Amino acid sequence: MLDALIDQKNTLSVIGFLLLLWTSRSLVFSVTFALNTIQGTVEDKTLWRALLDTIIVVCLAVFLITASIVFSIVRAWVSSKTSLLTESFQFEEGLALHAVSLPLSIAVTGVIFLAFYIILPRQRPSWVHALIGALTGAV
């Protein structure tokens, strides 16, 4: 039976993708409900609008996380290439890479939180409040 499932890997990929969308939809609906409850508003988005919001947030999160992973790979590659250099230069190079990677990580997480705060609730907060909330959530 397991061999038959392995042979149908395209079907399993589609089922896995649909389960990912279902789980993401549940997460986004829960966050939307929580944000609307905090603001004291009632959700009146159509189902299609809510699904579109889910797809936008998930695609944005996947893109930003992929960009963060690519940056980490490039950082590791640069670190491996500088291993042939002197020890003092390695320290300075590593410190410079860390000084770039930490703000980048905070920025990626902040943009995901910002998308949650701007796209999901019915009543849109001001950009200042959304940025403060996203920065606080990212840190």
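Seven residues make up the largest nonpolar core of this protein: V28, L35, V57, A115, F116, I119 and L120. Two elements give two or more residues to this core, namely α2 (9-39) and α4 (87-119). Helix α4 supplies the largest share, three residues.

The model shown here is predicted. Its mean pLDDT is 76, and 80% of the residues reach 70 or more. Helix α1, residues 2-7, has the lowest mean pLDDT, at 62. Helix α5, residues 127-138, has the highest, at 82. Where pLDDT is low, the predicted coordinates should not be read in detail.

Now step back to the whole chain. The protein has five helices and zero strands. Along the sequence, the pattern reads α-α-α-α-α. How much of the protein is buried? Of its 139 residues, 22% count as buried. The accessible surface comes to about 9900 Å². Carbon and sulfur atoms account for 74% of that surface.

Next, consider how the chain meets itself.

Start with I119, one of the residues of the largest nonpolar core. Which residues does I119 contact, leaving aside its neighbours within four places in sequence? They are K45, D53, I56, V57 and R124.

Move on to S24, in helix α2. Helix α2 is one of the elements that give two or more residues to the core. Is S24 buried or exposed? S24 counts as buried, because its relative accessibility is 11% and the cut-off for buried is under 20%. Not counting residues up to four places away in sequence, S24 touches T54 and V58.

The last stop is R75, found in helix α3, which spans residues 47-81. Why does R75 count as partly exposed? The reason is its relative accessibility of 29%, since partly exposed lies between the buried limit of 20% and the exposed limit of 50%. R75 also gives a view of distance across the fold. R75 and V100 are 25 residues apart in sequence. In space, their C-alpha atoms are 9.6 Å apart.

Methods: Residues are numbered from 1 along each chain as its sequence is written. This is a predicted model: local features need pLDDT of at least 70, side-chain atom pairs count only at pLDDT 80 or more; totals for chains, interfaces and linings use all residues. Side-chain values use heavy atoms; hydrogens and water are left out. pLDDT is the predictor's confidence in each residue, from 0 to 100. Helices (H or I, at least four residues) and strands (E, at least two) are DSSP runs, numbered from the N terminus. Buried means under 20% relative accessible area, exposed over 50%, partly exposed in between (1.4 Å probe, protein chains only). Accessible areas come from the Shrake-Rupley method with a 1.4 Å probe; for residues, only the protein chains shown count as cover. A nonpolar core is a set of buried Ala, Val, Leu, Ile, Met, Phe, Trp, Tyr and Cys residues joined through side-chain atoms within 4.5 Å. Contact means heavy atoms within 4.5 Å.
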